Amino acid sequence: MACVRISSSSLFGSKPPIINSSTAFLSPSRFNLNSKAFGARRIACDYSCYEIKGVGYRPPGTEIDLLSDISFSLPEKSFGMIFGRSGSGKTTLLQLIAGLSKPTSGSIYVQRYGDDDHPNQSPELLQPTRVGIVFQFPERFFIADNVLDEIIFGWPRQRVGLQLRELLASRLQKAMISVGLTGIPLDKDPQSLSGGYKRRLALAIQLVQTPDLLILDEPLAGLDWKARADVVKLLKDLKKELTLLVVSHDLKELAPLVDQSWRMEMGGILKRECLPI
């Protein structure tokens, strides 16, 4: 693979650079200066799980529960899939896990386990800064006139020091290499990109924030066969670095990646179930 380089001056200069074999790309929205560098992992024998326990959700001002007593556990660096009928509450659950809404009941936290599979420390509430989320048809949420402005929309606007600029450049380079976005001019209109490259851009925007958990809502929706295959391959590679939780109706194409799966039934009831393929 050709070496991709991003200088801190190119990120904060006046002219958008071109991404090619010697330069690269950008991103974010929930910016976390304290998060680790993308891909950096502490080598240890213990492991973490994302624990959803007894979660229920009733929208404010209503008397209807959209989710009811949902509990499941997703180990780190695994691929979980939630499937079920439209309107059953799948996207609502993703929004709760991402911290976009608060559950009416229950808790969402991270639990660390030891070699004996027993908890070795107190559970920690899952912080939104540790979660990235890519919505269905993410291009509908693009707001900038060019790729560069789209990616750096959530970055600090005040003057930043050299160390932070180098950190941003490093994160950008790693994210862009991970999603395979090279050869794209940063002054290009995001809406002019192909469907597959729009998904890559949406993923890069989240990856540059170095999440531990990446959530995707219908990642293959609206794509042609070639773009779908490319996204599946990309998710396979991302699984080596991140924990992935996906909502999808495209069960057959994603099945080889899935470690655990659950069916969401109408009324917001989640049950552990193998994929029906």
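Okay, let's start with the sheet that has six strands: it's open, the order is β6-β7-β8-β3-β9-β10, and the pairing is mixed. Keep in mind that this is a predicted model. At the edges you'll find β6, residues 131-134, and β10, residues 269-272. Each of those has a single partner strand, so one side of each is left without a neighbour in the sheet. On average, neighbouring strands here are turned by 20° against each other, if you ignore direction.

Let's zoom in on β3 and β9. β9 covers residues 260-265, and it runs parallel to β3, with 5 bridges joining the two. If you want to find the pairing on screen, look for Ile82, whose bridge partner in β9 is Trp262. Met81 is another handle, standing opposite Ser261 in β9.

Now, what about β9 and β10? Those two pair in the antiparallel sense, over 4 bridges. Trp262 turns up again here, with Arg272 as its bridge partner in β10. The two strands form a hairpin with 3 residues between them, and Gly267 in the turn has a positive phi of about 100°.

On to the helices. α5 packs on this six-stranded sheet, where it touches β6 and β7, and its direction makes about 165° with that of β6. α5 also has a helix partner, α6: their axes come within 9 Å and cross at roughly 20°. Angles under 35 degrees count as roughly parallel, so that's what we call α5 and α6. Which residues meet there? From α5 you have Gly196, Arg199, Arg200, Leu203 and Leu207, and from α6 you have Ala227, Asp230, Val231, Leu234 and Leu238.

So let's go inside. The largest nonpolar core has 43 residues, and Leu214 and Leu235 are the ones with the most contacts inside it. Several elements supply at least two residues each, among them β3 (79-84), α4 (162-179), α5 (195-207), β7 (213-217), α6 (225-238) and β8 (243-247). What does Leu235 touch? Leaving out residues up to four places away in sequence, the list is Phe79, Leu216, Pro219, Leu244, Leu254 and Leu257. There's another core lying apart from that one, with 26 residues, including Ile70, Ile108, Ile133 and Leu270.

Next, the other sheet. This one is open too, with 4 strands in the order β2-β1-β4-β5, and here the pairing is antiparallel. The edge strands are β2, residues 67-75, and β5, residues 124-125. Again, each has a single partner strand, so one side of each is left without a neighbour in the sheet. Helix α2, residues 90-97, packs on this sheet and touches β1 (47-57), β2 and β4. The direction of α2 makes about 60° with that of β2. As for the β4 and β5 pair, β4 spans residues 105-113, and the two are linked antiparallel over 2 bridges.

How many disulfides does the structure hold? The count is 0. Is Cys49 buried or exposed? Cys49 comes out at 6% relative accessibility, and under 20% means buried, so Cys49 counts as buried. Cys274 is at 65%, and over 50% means exposed, so Cys274 counts as exposed.

Key:
Residues are numbered from 1 along each chain as its sequence is written. This is a predicted model: local features need pLDDT of at least 70, side-chain atom pairs count only at pLDDT 80 or more; totals for chains, interfaces and linings use all residues. Side-chain values use heavy atoms; hydrogens and water are left out. A nonpolar core is a set of buried Ala, Val, Leu, Ile, Met, Phe, Trp, Tyr and Cys residues joined through side-chain atoms within 4.5 Å. Buried means under 20% relative accessible area, exposed over 50%, partly exposed in between (1.4 Å probe, protein chains only). Contact means heavy atoms within 4.5 Å. Two strands pair if DSSP finds at least two bridges between them. Axes are lines fitted to C-alpha atoms, for helices over the stretch in contact, and angles run from 0 to 180 degrees between N-to-C directions. A disulfide is a pair of cysteine sulfur atoms within 2.5 Å. Angles under 35 degrees count as roughly parallel, over 145 as roughly antiparallel, 65 to 115 as roughly perpendicular and the rest as oblique.
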